[in-house]
Every structure is written in structure tokens, then in C-alpha cells.
Amino acid sequence: MNSLSNLLKTLSLLILPFTSVYGQGWEKIYINEGPDDIAYDILPTADNGFLIASGQRDDGLLSPTVIKTNDEGDIIWLNRYNYGAPGSFAVDIEETDSGAYFLTGRTVISNSKIFVTKIGHNGNEVWVKNLD
């Protein structure tokens, strides 16, 4: 196995924001449970922090996960959402004017489903809709 493959299996989520003059601001690595831990979307938020939509391992099952950080990349909250099926992951996240978030993703089971979740500003699930 080459060193790039080893690196990809070791690092989960690495964020490297850059300043306006292209100098590196900071870097963070979040969660390291396996090669399936992947960030699918990173969104700058109104409070200058970031939201990270991902799929991450939780007790061996891939779960949709959202990480909220401050402007320095420190975790404010991290929530994993359980939709009752293995192989679920988040692919997109958007912020609303009210400070809530909409998370979309996919559940990979025998019949793949798409889900939309409304998340409050503190990361708690408000509601979830499954689309067949």
C-alpha cells in the first residue's frame, strides 16, 4: 500500500481555511475512526464558523454527522443522526436566515433513500423527511 493510501486511511476530516492573502490560517483534524469518515460539504456560517456535513462511523455503522466549529475550527458541537439503517451519510448542508440548518443525505440500504433534516442552531434534530 502506498503512503498516500495510508495517509487517507489515517486522516479523517482535515480543514485548511486560508486567509484573504492565501496564507494558511489554521488546520484541524476531526474524528479518526476509519477510511469511511468523509466530509461531503463544508459551509462557512454567518457567525464566521463552519458546518461540516459528513458520514462517520458510529459503533461500526456509517451515520450522518454534522460538526459545528467556531472561526478557529474548535468544535462547538458534533451530532450524529441515526436513521435506523446502516450506511447513511450527509452530503449537503445549508444555513437558513433564522440560524437553523437543512441537512440532506442518503441512506444506502437495499432501496436507497434520500433524507432531508432540519437542525436547530444547537445541532438538535427538529424533523426529518425520507424521500423514496
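Colleague: Are Trp-77 and Tyr-101 buried or exposed?

Modeller: This is a predicted model. Buried here means a relative accessible area under 20%. Trp-77 falls in that class, and so does Tyr-101: both are buried.

Colleague: What kind of aromatic pair do Trp-77 and Tyr-101 form?

Modeller: The ring centres of Trp-77 and Tyr-101 are 6.4 Å apart, and the angle between their planes is 50°. Planes under 30 degrees apart would count as stacked and over 60 as edge-to-face, with the rest as tilted. The pair of Trp-77 and Tyr-101 is therefore tilted.

Colleague: How many residues apart are Trp-77 and Tyr-101?

Modeller: Trp-77 belongs to strand β6 (residues 75–80), while Tyr-101 belongs to strand β8 (residues 101–107). The pair links distant parts of the chain, and the separation is 24 residues.

Colleague: Which residue forms an aromatic pair with Phe-102?

Modeller: The structure has two aromatic pairs. The one with Phe-102 is tilted, at 5.8 Å centre to centre and 55° between the planes. Phe-102 lies in strand β8, and its partner is 25 residues away in strand β10 (residues 125–131). That partner is Trp-127.

Colleague: Why does Trp-127 count as partly exposed?

Modeller: The class of partly exposed runs between the limits for buried, under 20%, and exposed, over 50%. Trp-127 falls between them because its relative accessible area is 30%.

Colleague: Which residue has its charged end over the ring of Trp-127?

Modeller: A charge sits over a ring only if it is within 6 Å of the ring centre and within 35 degrees of the ring normal. The charged end in question is 5.7 Å from the centre of the Trp-127 ring, and it belongs to Lys-129.

Colleague: Why does Phe-89 count as buried?

Modeller: Phe-89 is in strand β7 (residues 88–95). Its contacts beyond four places in sequence include Tyr-40, Leu-62 and Phe-115. Phe-89 counts as buried because the limit is 20% and its relative accessibility is 12%.

Colleague: Which side chain of opposite charge is nearest to Asp-41?

Modeller: Asp-41, in strand β3 (residues 38–44), is buried yet has no salt bridge. A salt bridge would need a distance within 4 Å. The nearest side chain of opposite charge is 13 Å away, and it is Lys-68.

Colleague: Which backbone nitrogen does the side chain of Asp-41 reach?

Modeller: Asp-41 touches several residues, among them Leu-51, Val-91 and Ile-93. Its side chain reaches a backbone nitrogen at 3.0 Å, that of Ile-93.

Conventions. Residues numbered from 1 in each chain as written. Predicted model: local features only at pLDDT ≥ 70, side-chain atom pairs only at ≥ 80, totals over all residues. Heavy atoms only, no water. Phe/Tyr/Trp six-rings, centres within 6.5 Å; stacked < 30°, edge-to-face > 60°. Helix = DSSP H or I, 4+ residues; strand = E, 2+ residues; numbered from the N terminus. Buried < 20%, exposed > 50% of the residue type's maximum accessible area, 1.4 Å probe, protein only. Contact = heavy atoms within 4.5 Å. Lys, Arg positive; Asp, Glu negative; His and termini not counted. Polar contact = N/O pair within 3.5 Å; in protein donor to acceptor, adjacent residues only side chain to side chain.
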